[in-house]
Amino acid sequence: MKNTKIKLLGLAAAALLALAGCSSSNADEDGNPEKIRVDYAHYSPTSLVLKKFGWLEEEFEEDGIKVEWAFSQGSNKALEFLNSNSVDFGSAAGAASLMSKANGAPIQNVYIASKPEWTALVTDPDSGIESVEDLKGKKIAATLGTDPYIFLLRALDEAGLSADDVEIVNLQHGDGASSLTTGAVDAWAGLDPHMARLEVESGSELFYRNEDFNTYSFLNVREEFAEKYPEHVGRVIKAYEKARQWVLDNPEEAAELLAEEAEIPLEVAEIQMERNDFSQPVPGDAQREALIEAGRILQEGDVIKPDADVEKLTDELIDPAFAEKAIGEE
């Protein structure tokens, strides 16, 4: 009976591996993928613009390539989609992408959607928490594997504390916001637009902010897709560029679109948009330095293995060539 179970488990594992190895985008006779799967997220306004106006569909229509969209609730979900071959392109924070890369995720960063200040440490006005040091022994909501979680670790480290000095409650971003308002946790490693919404609706306070601890908004691609279809990666980047330029040219309309898609008040959307810098789309040294520093903290917290070569992992993750070529051709 035991051997039968082992055989069945082996067959199931083999089937899963076979499915994981199957490209979602089998090439047609012209060398095009049958479809391109892209995520969209409320924390990535350019992805909302791209989806709204159908510019990817327009780009690939003549090739007969379908575009499929998947909603990501957070970087952890976007990276899960990439790692499980559920999407070809996914939006995630830089540090979260590095952590996923360190765990073997077959991804590359090919474009910078924005430099956001999308996370901070948040509490209620009457909590008595005024500094990171005040978090010792407290419950803090955070979504593991995302920039807010990594932001929390870096803030604790800067204050001479570690994850062992607090109780981290793993919740998706929206649930973390709700838990703060109900008093189930003392603080929350927040993410926009939820964070901006709590500021407006509940008077929640961002008691610790550090723009440099926020890592960039990465557009990642599966390595297999990039190897098979480098031209299509460039075309996706060009579509993202169109969306980025539209956001820069139409900030009020971009905030209105975010408010509509995320079902949040316009005031909240405007706050989130003001916290995003859309000026630098090509990945490079700034992202590399930010990730190496974040990687150091992740190693100290045993999130990334101590013997991992963070600099090498960062270099393997960031590939500016696609964006340099695509944007240079604009």
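User: How do β4 and β10 pair, and over how many bridges?
Analyst: Strand β4 (residues 107–116) and β10 pair in the antiparallel sense, over six bridges. Two strands pair if DSSP finds at least two bridges between them. Strands here are DSSP runs of E, at least two residues, and helices are runs of H or I, at least four, numbered from the N terminus.

User: Which residue is the bridge partner of Ser 114 in β10?
Analyst: Ser 217. This is a predicted model: local features need pLDDT of at least 70, side-chain atom pairs count only at pLDDT 80 or more, and totals for chains, interfaces and linings use all residues. Residues are numbered from 1 along each chain as its sequence is written, and side-chain values use heavy atoms, with hydrogens and water left out.

User: What joins β3 to β10?
Analyst: Five bridges join strand β3 (residues 89–93) to β10, and the two run antiparallel. Ala 92 stands opposite Phe 218 in β10.

User: Is β10 (residues 217–222) buried or exposed?
Analyst: Mostly covered: six of its six residues are buried. Buried means under 20% relative accessible area, exposed over 50%, partly exposed in between (1.4 Å probe, protein chains only).

User: Which residues point which way from β10?
Analyst: Ser 217, Leu 219 and Val 221 point one way. Phe 218, Asn 220 and Arg 222 point the other way.

User: New topic. Which residues in α5 meet α13?
Analyst: Gly 94, Ala 95, Leu 98 and Met 99 in α5 meet Leu 291, Ala 294, Gly 295 and Leu 298 in α13. Contact means heavy atoms within 4.5 Å.
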